[in-house]
Amino acid sequence: MDQKQNVLRLSAEKLYAHELEALREADKGIKPAGWQLSPKSVLTFITGGTAGGTAITPKYIGNKRLVEMAIATLLTDRALLLIGEPGTAKSWLSENLTAAIHGDSSKVVQGTAGTSEEHVRYSWNYALLLAQGPSDQALIRSPILRAMEGGGIARFEEISRCASEVQDALISILSEKTISIPELGREVSAARGFSIIATANTRDRGVNEMSAALKRRFNIIVLPAPSSIDTEIDIVRRRVGEISASYELRASLPDDEAIRKVVTIFRELRSGLTLDGKEKVKPPSGVISTAEAISLLTGSMALAGSFGNGALNDEDIAAGLQGAIVKDDEKDGLVWKEYLENVMKKRGASWRSLYSACTDMNG
């Protein structure tokens, strides 16, 4: 069986292997130490274009200059920090940049409350440690240590979710580009090409605020939410198509009208204002992001494919909207009901079927 048919989620370097190969073959630019592509070819991989007759699909739809700044940062000795609201493609951009530059996006530290300093530096296989003492065989290298040794890029997801002492373990690594292993009596110095791409969620401010000293070690790029409804619709359409192909949902893709309605609802609830600016809207307690819209539509397709005739209808979308918006039952239920009655109900015949399906779910 083809690998793409047998794996739930392929890494970016495997999913887009044919594009990366086409870019490598057509690349005439100068490749920095440790890079498999020149900076301009990395930009093409991220923002789209062609390479030797092969179409390169856009991985990030947004301000091209921000991508150029991110790539330029990775050419220096500075680490890169991508900050933004949930759903602004921070992790997606981080993964695809790493795949384009080094062909291996797997060196990842996932920031959580349980992430320890060992996840940043190294730990030990304690059975081997007790049997033979400190040795290379007993050493368990963190993704960051492995990236340093190989001159690659390590990714640090949701860095502000980690305790401050874990974040501070990065300061010496980013400053000195070394990790000391006193048990073995040596230091590991980073090979050329090493860097770290971290991501942070603006909704997590105050969870574990990054210190000023750590922020100074990063070049910070803020990724905005999609600026226009058409841009957001394009992002949702592309990602729903990619994800549904991987999951084999056996349902038709949502048409442009369905996507526009979902994105309209999300943008209005997110901003607290209808698109025409005429009416204020109460926002729900949860995150109403582009990523949530993509998840909603793929979930609705799963409903249509498994329990319907494969054609996405308003009842399938209404079920997804209910789950995406009503996170805190009491408060969000009231917010959603008010939106249905004060906004959606007044939009006329083209919205009537979706309104009816939503009120049936809400009732």
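E158 lies in the loop between β7 (153-157) and α10 (164-176), where helices (H or I, at least four residues) and strands (E, at least two) are DSSP runs numbered from the N terminus. The phi of E158 is positive, at about 50 degrees, although E158 is not a glycine. The structure is a predicted model, in which local features need pLDDT of at least 70 and side-chain atom pairs count only at pLDDT 80 or more, while totals for chains, interfaces and linings use all residues. Residues are numbered from 1 along each chain as its sequence is written, and side-chain values use heavy atoms, with hydrogens and water left out.

A positive phi is also found at A89, with a value of about 70 degrees, although A89 is not a glycine. A89 belongs to the loop between β3 and α6, and with a relative accessible area of 25% it is partly exposed; here buried means under 20% relative accessible area, exposed over 50%, and partly exposed in between (1.4 Å probe, protein chains only). Helix α9 (residues 143-150) has P143, I144, L145, A147 and M148 as its buried residues, and α9 is followed by G151, whose phi is positive, near 65 degrees.

| Residue | Loop | Relative accessible area | Backbone oxygen reached |
|---|---|---|---|
| T88 | between β3 (79-84) and α6 (90-102) | 5% | E85, 2.6 Å |
| K59 | between β2 (54-56) and α5 (64-74) | 5% | F45, 2.8 Å |

T88 is buried and, not counting residues up to four places away in sequence, touches Y60, L223, P224 and A225, contact meaning heavy atoms within 4.5 Å. K59 likewise counts as buried, and, leaving aside neighbours within four places in sequence, K59 is in contact with Y16, E19, F45, I46, W92 and N96. K59 and A99 are 40 residues apart in sequence and 12 Å apart in space, C-alpha to C-alpha.

The largest nonpolar core has 40 residues, of which I265, F266, L321, W336 and M344 touch the most other members; such a core is a set of buried Ala, Val, Leu, Ile, Met, Phe, Trp, Tyr and Cys residues joined through side-chain atoms within 4.5 Å. Two or more residues come to this core from each of α12 (229-247), α13 (256-271), α14 (290-307), α15 (314-325), α16 (329-342) and α17 (349-362), and α13 gives the most, with seven residues. Apart from its neighbours within four places in sequence, M344 is in contact with I265, W336, Y339, W351, L354, Y355 and C358. A second, separate core of 33 residues includes I83, Y122, A138 and V188.

α13 and α17 pack at an angle of about 70 degrees, with their axes 12 Å apart; axes are lines fitted to C-alpha atoms, for helices over the stretch in contact, and angles run from 0 to 180 degrees between N-to-C directions. This makes α13 roughly perpendicular to α17, a class that covers 65 to 115 degrees, whereas angles under 35 count as roughly parallel, over 145 as roughly antiparallel and the rest as oblique. The contact is made by E257, K261, T264 and I265 of α13 and by S350, W351 and L354 of α17.

Note on methods: A polar contact is a pair of N or O atoms within 3.5 Å; within protein, one must be able to donate a hydrogen and the other to accept it, and residues adjacent in sequence count only if both atoms are side-chain atoms.
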